[in-house]
Structures are given as structure tokens and as C-alpha cells.
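Let's take a walk through this protein together.

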Amino acid sequence: MVDQTTEKTTVTASPDACYDAAIDFERYPDWATDIKMARILSRDDDGRAVDVEFRAAAMGRSTTYTLRYFYGANPRRLAWRLQRGDVTRRLDGEYEFLPVASDSGATEVVYHLAVDLSVPLPGFVKRRAEARIVRTALDDFTRYVESRGG
């Protein structure tokens with residue numbers, strides 16, 4: 001069963017600064033708590049990462065997965081789909097970085113995630129893992145972007 005969540009937060013940085021941090025995959029181990037390694041496997045004609053392999057801590061073990069990133073016409077949106085994973089059947093999501101009308105130095109970050117694990121786990125363990133992923137995607141991301149001076 002696919003579990004999905006959408007969460008939002010506000011970051012004191014421009015949408016461009018948020019987007020730049022989100023596509024700097026090789027820096028993920030520097031700020032994303034559970035990401036131990038990120039390796040770009042392929043790039044598009046514009047030099048942007050397309051397939052990225054990650055190794056992460058998950059539920060007391062290590063997991064490896066590869067995500068394919070999509071860059072559409074909207075420069076403030078980044079989407080990804082799972083290509084392969086050892087404990088996940090689905091790990092799809094997107095970031096969207098929206099300017100805050102009342103504060104030109106702030107961005108509303110919308111994070112959507114859909115997860116389906118290939119290993120049977122009790123519901124509360126799945127929810128805990130999902131909460132940890134979302135916390136990394138928003139809280140760790142916010143600290144990282146704001147520390148760069150947005």
C-alpha cells in the first residue's frame with residue numbers, strides 16, 4: 001500500500017536558492033541526516049543530474065536506491081521517481097518552491113512524498129519512517145539553505 005503525504009514549510013531564502021540546494025545532490029550527505037552517500041549516475045544535455053544513487057540509514061539498516069529526476073518547464077519544481085531500491089517499491093515525490101507574496105526573502109516549500117515499502121512492517125513503524133523522511137526533507141533542508149545565506 002502506498003503511503004502519501006504533503007507537507008509545507010517556509011524558508012528564509014529565495015526560491016532560486018532553495019532550488020539550487022535541492023538539485024545539489026552531491027551535498028545531500030552534508031545536510032540530510034540519514035543520507036550517507038549520493039552519487040550522480042547520469043546527466044542530461046544541460047548537465048543536470050538525472051539518475052542519482054543514494055545510500056541511507058533506514059530502520060536500523062542501510063538501504064540503497066536510485067531516483068530519476070525530472071525538470072519540467074517550471075523552474076521552481078523538482079520531481080523524482082524511484083528507479084530501483086532494495087526496500088522500496090515506490091519512493092516518488094516532488095519539491096515545489098513558491099515565493100511568499102508578503103516576504104520577498106522567503107519561500108514556501110511544498111514537499112510531496114509517496115512511499116511503498118517492499119518489506120512488511122507494522123503501520124506505526126512505516127509512519128515513523130515516513131515522518132523521519134519528511135523531517136529530513138523539510139527541517140534539515142531549511143537549516144541547510146538558511147545556513148548558506150539564502
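What you see is a predicted model, where local features need pLDDT of at least 70, side-chain atom pairs count only at pLDDT 80 or more, and totals for chains, interfaces and linings use all residues. Residues are numbered from 1 along each chain as its sequence is written, and side-chain values use heavy atoms, with hydrogens and water left out.

Now find T107. Its relative accessibility is 0%, so T107 counts as buried. T107 lies in strand 7, which covers residues 103-117; strands here are DSSP runs of E with at least two residues, helices are runs of H or I with at least four, and both are numbered from the N terminus. Leaving out residues up to four places away in sequence, T107 touches T9, T10, V11, A13, S14, P15, C18, F97, L98 and V100, where a contact means heavy atoms within 4.5 Å.

Next, go to Q4, in strand 1 (residues 3-11). Which residues does Q4 touch, not counting those up to four places away in sequence? They are H112, L113, A114 and E130. With H112, the Q4 side chain makes a polar contact, side chain to side chain, at 3.4 Å. That term stands for a pair of N or O atoms within 3.5 Å; within protein, one must be able to donate a hydrogen and the other to accept it, and residues adjacent in sequence count only if both atoms are side-chain atoms. Q4 and K126 sit 122 residues apart along the chain, and their C-alpha atoms are separated by 11 Å.

Time to zoom out. The protein has three helices and seven strands, and from the N terminus they run β-α-α-β-β-β-β-β-β-α. Among contacts with a separation of 6 or more, 50% join residues 24 or more positions apart. Of the 150 residues, 43% count as buried. Along its principal axes, the C-alpha trace spans about 45 × 35 × 25 Å.

Definitions and conventions:
Buried means under 20% relative accessible area, exposed over 50%, partly exposed in between (1.4 Å probe, protein chains only).
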